[in-house]
Amino acid sequence: MCGIIGHVGQRESLPILMAGLRRLEYRGYDSAGVAVLNAGQLGVVKAVGKIKSLERSLQGQEIAGSIGIAHTRWATHGEPSVTNAHPHLDSDNEIALVHNGVIENYRTLKEFLSRSGIKFVSDTDTEVLTKLVKYHYTDSLTDAVRIALGQVEGTYGIAVVSSKHPETLVAARKGSPLVIGLGDDENFVASDVSAMIEHTNRVLYLEDGEIAEITPNDYRIITIENIPTDKAVEEVNWTLDEIEKQGYDHFMLKEIYEQPSTIRAAIRGRINLEEGIARLNGLNLQYDELRRIKRVIITACGTSWHSALIGEYMIEELARIPVEVEYASEFRYRSPVFDDHTLLLAISQSGETADTLAAMREARKHGVTSLGIVNVVGSTIARESDGGVYTHAGPEIGVASTKAFTSQVMVLSMIAILLGRMRNVSVQQGQELIGLMRQLPDQIEAILKTDDKIQEIAKAYHHHDNFLYLGRGINFPAALEGALKLKEISYIHAEGYPAAEMKHGPIALIDEKMPVVVIALKDPVYDKVMSNIEQVKARNGNVIAIASEGDTEIADKVNHVIYVPRTHRLLTPILSVLPLQLLAYHIAVMRGCNVDQPRNLAKSVTVE
Ligand code: F6R
């Protein structure tokens with residue numbers, strides 16, 4: 001959700017900022033802009049659309065200089081336009097500011113500034129903040145930012161430069177992530193490590209309420225109350241390769257194909273076959289504490305919420321602990337009932353989703369042990385939780401989540417085994433599950449080899465405007481996830497339903513124009529799902545079935561079959577979702593959609 005990059009050093013800033021923006025584009029892509037300080041003047045260029053438009057607008061412009069800030073936007077206040085794009089300037093063009101987040105009291109602040117005769121040109125909350133900084137400016141940019149932020153309600157990650165301070169970049173955070181990168185004779189600030197990883201892997205994560213004053217060779221961090229704070233420098237162990245397409249047409253396809261290795265990474269060093277148990281030291285919970293848990297709440301949004309639903313099946317079945325799965329956005333505004341024996345799991349790829357973070361904070365406020373299942377190392381949920389498990393899927397750049405989902409499910413299966421082994425699950429049962437978990441990467445490879453067939457199916461159906469996805473039991477959430485993948489990247493209307501629920505309403509939609517994707521694996525509900533398929537066929541529906549390898553009888557009953565290898569029933573969603581990811585991908589490509597950057601979406605939703 002919006003990307004920020006800032007640079008101060010000896011080198012030219014513009015190429016660094018533009019390269020950073022290209023890496024951040026997946027976080028927002030409706031407009032972009034850059035401000036570089038050159039010979040005492042702020043050179044600002046902005047454009048509507050993707051970074052390519054900004055590159056075009058920059059052609060022929062002289063904006064040399066070694067300090068600057070840049071932004072790629074996902075509009076919240078005001079439509080995407082050059083005027084609303086960041087950086088914003090004060091009326092004298094002295095201060096430039098980029099902002100992620102939402103200033104909730106911007107109307108009040110605007111009225112306050114208007115009374116002093118200050119005029120506004122955009123519809124944004126960010127312009128108000130910029131002019132508020134200028135209003136408070138006397139001789140220190142950092143003080144002006146600090147005093148202005150003292151008046152602000154809402155969330156922000158900001159980077160600010162001023163023509164009066166040619167060597168100082170000021171950054172501040174509340175609710176919107178910011179990372180400082182330390183280079184040689186130059187320093188950076190960004191909303192996301194990927195924007196600066198080609199220059200440095202030494203980073204400092206700003207916390208809420210902190211302000212950083214950054215110069216080419218130094219930095220200083222204070223709180224909004226003006227108290228200096230110390231911070232440990234951390235090393236990020238990503239490589240540049242991980243955030244490049246490496247020959248794939250899209251990041252999404254690359255990330256789908258990475259799943260054999262991301263699943264291996266998720267379980268590496270965490271499963272013990274001999275004892276039939278998972279070892280998750282990051283949970284920070286002793287066995288007796290795990291035994292005392294009587295209720296689990298899992299909270300998340302979007303795809304992560306779908307993995308939570310799968311976790312519910314796993315934990316309830318293996319550990320016999322009641323599990324509630326909550327949309328984080330709803331949970332935070334209810335009055336949830338907590339008790340001493342409740343464990344909260346917050347699942348988030350980015351670790352920055354505003355609703356999930358708020359839900360976790362709410363639980364922690366009530367003394368509930370809260371664990372994160374998070375992909376991005378050092379993210380806010382990872383840092384604020386009482387413990388947790390990293391999914392280790394590596395950077396996910398495609399806006400539609402794929403590899404993060406299967407890794408989350410893997411982590412949930414390990415948590416379920418651990419909680420189960422603390423209760424009724426025997427060593428042998430644990431061993432069986434772990435043995436089968438280890439086969440999953442090879443089984444995923446096998447599914448990926450059927451991609452040609454999936455492409456053919458995509459070709460046959462990519463013109464359709466509606467799809468229904470059906471699944472039962474633990475594969476119902478997989479059906480939801482398949483439908484979400486299709487709708488977000490191809491803009492086809494797709495709904496996921498529990499297969500048997502179809503006859504209570506959605507069956508009215510079925511005709512030859514409504515393809516139905518059914519997950520029909522050989523499990524205890526197979527016969528029931530087959531009768532749901534008959535109901536679809538009887539109404540001229542076209543069925544694409546995801547079936548278990550070796551199921552020969554299904555082929556005659558449906559229009560197309562995609563086979564997946566057999567595994568333990570609880571692990572099947574990790575396999576059944578793969579063809580659904582590929583189907584969505586190919587359909588979207590065939591419809592000419594921008595798969596990695598679907599319209600209206602952005603990675604990491606850090607606003608409410
Ligand atoms: C869908 C998708 C979103 C995210 C959701 C939560 O493909 O990516 O639905 O799953 O915004 O994001 P995280 O997991 O970062 O909290």
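Residues are numbered from 1 along each chain as its sequence is written, and side-chain values use heavy atoms, leaving out hydrogens and water. Because the model is predicted, local features need pLDDT of at least 70 and side-chain atom pairs count only at pLDDT 80 or more, while totals for chains, interfaces and linings use all residues.

Let's start with the antiparallel sheet. It is open, has 8 strands, and runs in the order β3-β2-β4-β1-β10-β9-β11-β14. Strands here are DSSP runs of E with at least two residues, helices are runs of H or I with at least four, and both are numbered from the N terminus; two strands pair if DSSP finds at least two bridges between them. The edges belong to β3 (41–48) and β14 (234–235), which have a single partner strand each, so one side of each is left without a neighbour in the sheet. Further in, β9 (residues 179–182) and β11 (residues 202–205) pair in the antiparallel sense over 3 bridges, and Ile-180 has Leu-204 of β11 as its bridge partner.

Helix α1 (residues 13–24) lies across β1 (3–9), β2 (31–38), β4 (67–73) and β10 (186–190), at about 155° to β1. Helix α2 (residues 51–58) packs on the sheet too, touching β2, β3 and β4, and its direction makes about 135° with that of β3. Contact means heavy atoms within 4.5 Å; axes are lines fitted to C-alpha atoms, for helices over the stretch in contact, and angles run from 0 to 180 degrees between N-to-C directions.

On to the other sheet, where the pairing is parallel. Here 5 strands form an open sheet in the order β23-β22-β24-β25-β26. At its edges stand β23 (493–498) and β26 (560–564), each with a single partner strand, so one side of each lacks a neighbour in the sheet. From one strand to the next, the twist averages 20°. Strands β24 (residues 516–520) and β25 (residues 543–548) pair in the parallel sense over 5 bridges, with Val-517 bridged to Ile-544 in β25. Helix α16 packs on this sheet and touches β22 (466–471), β23 and β24, its direction making about 175° with that of β23.

Now for the ligand. It is surrounded by 15 residues, the closest being Ser-304, Ser-348, Ser-350, Thr-353 and Glu-488; a residue counts as near if one of its heavy atoms lies within 4 Å. Polar contacts, meaning pairs of N or O atoms within 3.5 Å, involve ligand oxygen atoms at 2.6 Å from a polar side-chain atom of Ser-348, at 2.7 Å from a backbone N or O atom of Gln-349 and at 2.9 Å from a polar backbone atom of Ser-401. Taken alone the ligand exposes 400 Å², and the protein buries 87% of that (areas by the Shrake-Rupley method with a 1.4 Å probe). Helices α9 (302–319) and α16 (476–490) each give two or more residues to the shell.

Finally, two backbone details. The peptide bond from His-86 to Pro-87 is cis, with omega near 0°, and Pro-87 lies in the loop between β4 and β5 (88–89). Ala-39, in the loop between β2 and β3, has a positive phi near 45°. Most residues other than glycine have a negative phi, and most peptide bonds are trans.

Note on methods: Polar contact = N/O pair within 3.5 Å; in protein donor to acceptor, adjacent residues only side chain to side chain.
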